[in-house]
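Hi,

Here is the structure I said I would pass on. Have a look at it first, and my notes on what turned up follow below.

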Amino acid sequence: MKRDDPGKGDRHLLPTGPDGCFAQKVPVPVSRAKLRWIEEPKLGPAGRTYLPLFLGGLTTTLRHLLGRKVTVQSPEERYSPPDPLIYRGVHRLNRDAEGRVKCVACFLCATACPAHCIDIVAAESPWPDREKYPQTFNIDELRCIFCGMCEEACPVDAIELTSLYDLSGKSREEMIFDKAKLLGIYDMTKDAEPMRSSRNGG
Amino acid sequence: MPTLETLVKIALLIAGLMTAAAYLVLVERWVAAWIQDRLGPNRVGIPLTKVRLFGLGQPIADGVKFLSKEECTPAYVDRLLYFLAPIIMFVAAMAAFAVVPIGSVLPIDVEIDGTTRPIELVVAPGVDVGTVFVFAAGSIAVFGVLLGGWASNNKYSLLGGLRSGAQLLSYELPLGLGILGVVMVAGSLRLETIITQQAQSGVWNAAIEPLGLLVFFVAGFAESGRLPFDLAEAEQELVGGYHTEYGGIKLLLILVTEFLHMFIASFMIVILFFGGWHLWGLTGSGSEVTWPVAIIRVLVLLGKVLLTILFFMVARWSWPRFRFDQLMTMAWKVLLPLGLVNLLTLAVWVEYGDRVSRAMGLPPLAVMAVCGWIVLIVAWAVLAWALPNTTDNRPRRESAGEL
């Protein structure tokens, strides 16, 4: 392609600024004809008196001054997410119908995790219906960015994000959740937030 | 010799101003929160109890926090100027209040130097150049801003100080023009006389010279450096401007000074244009007062000041900040001509108003009020027509050069 041809392939090149800000050694291949100058819209007679802006700003602030407030008085009041099933809060590890951990230690969540906060040690499964199970399953909640990709990646719907949002602790160690704790969160939240899928014996 | 009376007044004034500043910070935070659909500080009440009192204990907590902060001085600052800047600003702002009346008089006679007179509710009563004094003291603030910006040895502070210096100096002019009209009508620079004149005629200066009020109001806003004129601080791009490098008690002094500037602007707006302590049918207008009247006058004045301050606070969230060229255009191309037109109108009226209105058989102040409003509307319309109708300050297409 010829360099001075202002074709589609050159659209990513910026034109040189009039003040030389983007000045480059090579001529920028944008023809003058293709440049479009965007002018600021002209103010009308009303706009030039500044009065509509003046009144508009004042009425907006006064409306909000007297309007309904959105503050939630935590901790006396609790914020409840509009749809807890899609809220991305603290993780839980689901149990199957027999009360066993559903996870099959496939490492898909740990692989998908952009923050590398999931650490799984797999072991041979004691149960006949799967080959592996997680011997340990740790999530560092301080590293987690609550993106929900582990949940997306899980092929057996074992890991899910709950609507618990006020996560706090007194030490870093305390914030690394192990398998027992994650299963405990399932026991705590299973009534309010049923499992999203009933597949795989859920 | 400072008399006991003066010392008591000074003590009351300082205590009152500091308390007012502390609580108006709370009010400002409330107003800001309400406008943003929040509730604002409502937790801190009486310390060590569960009593919340709608957050009225917040200023105490704020004060303790500020005082207990680490006293930290950045390396490479110009130490003398760095420490001097907040002190200069604070002292100058406090000094301005020496001549500001907080009411009229108390019905107690005191004898000083052989003459008997009632106690006036102003630290320095009878200063004939009161108006000039307030603005002389107020404009010293620019020293603090420039010194603070320079001494901090920080580019952002310096830029903030420069911007602020240019802004404060530019807006001194329209501010002065706004006062001149009032002074011309009252025939005196004494703030007490200006109030008395409005009280006795029963017509506030706001009614007879709305153009002067407009100029003074906008310039007063700009002088106090609050949004939409806060280019000095410009939190978004200058990280606090000239006081970026200040912390702890020094920052507290600077912030209190900014509130004091807002107080001074509000007091001057109320005193010069809204009749000071005067309210029709409630306060009377004479110099002989009883206790209830004296107290009502104080409350009326403070109430008006509070309303003005509330307007300052609402205005902060209502309009976007000006760009610097717009700010300068506003001072030199809008307010300065408007102020001159106002001055000219009043000068003509002071010279010929009585004769003309007597010839027409109308009360002079009514004629003046009508003239004032006509002048305001005409001048505003002419300016709106004359100013460029875009705010675009990019290079024009023609001058953009070859690409």
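This is a predicted model: local features need pLDDT of at least 70, side-chain atom pairs count only at pLDDT 80 or more; totals for chains, interfaces and linings use all residues.

The predictor gives the complex an ipTM of 0.78 and a pTM of 0.80. For chain B, the average pLDDT is 85, and 93% of the residues score at least 70.

A bit more on chain A as a whole. It has 202 residues, and 32% of them count as buried. Among contacts with a separation of 6 or more, 67% are between residues 24 or more positions apart. The accessible surface of chain A is about 13,300 Å², and carbon and sulfur atoms account for 58% of that.

Now the charged pairs. Side chains of opposite charge can pair when their charged atoms come close. Over all chains the count is 18 salt bridges, and I picked out a few to look at.

In chain A, a network of salt bridges links A:Asp96, A:Glu98, A:Arg100, A:Asp129 and A:Arg130. Which side chains does A:Arg100 meet there? One is A:Glu98, at 3.7 Å from N to O; another is A:Asp129, at 2.7 Å from N to O. A:Asp129 sits in the loop between strand S2 (118-124) and strand S3 (132-140), while A:Arg100 is in the loop between strand S1 (91-93) and helix H3 (108-112), so this pair ties together parts of chain A that are 29 residues apart in sequence.

Is A:Arg100 buried or exposed? The relative accessible area of A:Arg100 is 13%, and the cut-off for buried is under 20%, so A:Arg100 is buried.

B:Asp128 is exposed at 52% relative accessible area, whereas B:Arg190 counts as partly exposed at 24%.

While you are at that loop, look at B:Ser188. It lies between helix H6 (155-186) and helix H7 (191-201) of chain B, and it is buried, with a relative accessible area of 16%. What does the side chain of B:Ser188 reach? It comes to 2.9 Å from the backbone nitrogen of B:Arg190. Setting aside neighbours within four places in sequence, B:Ser188 is in contact with B:Val183, B:Thr193 and B:Ile194.

Last, the surface of chain B. B:Tyr23, B:Ile46, B:Val51, B:Leu53, B:Leu56, B:Ile60 and B:Val64 make a nonpolar surface patch of about 570 Å². One member, B:Leu53, is in the loop between helix H1 (4-35) and helix H2 (58-67). B:Leu53 counts as partly exposed, at 41% relative accessibility.

Cheers

How values were computed. Residues are numbered from 1 along each chain as its sequence is written. Chains are lettered from A and ligands numbered from 1 in the order in which they are written. Side-chain values use heavy atoms; hydrogens and water are left out. Patches are made of residues with over 30% relative accessible area and no salt bridge: like charges are joined within 9 Å, nonpolar side chains (Val, Leu, Ile, Met, Phe, Trp, Tyr) within 5 Å. Accessible areas come from the Shrake-Rupley method with a 1.4 Å probe; for residues, only the protein chains shown count as cover. A salt bridge is a side-chain nitrogen of Lys or Arg within 4 Å of a carboxyl oxygen of Asp or Glu. Helices (H or I, at least four residues) and strands (E, at least two) are DSSP runs, numbered from the N terminus. Buried means under 20% relative accessible area, exposed over 50%, partly exposed in between (1.4 Å probe, protein chains only). A polar contact is a pair of N or O atoms within 3.5 Å; within protein, one must be able to donate a hydrogen and the other to accept it, and residues adjacent in sequence count only if both atoms are side-chain atoms. Contact means heavy atoms within 4.5 Å. pLDDT is the predictor's confidence in each residue, from 0 to 100.
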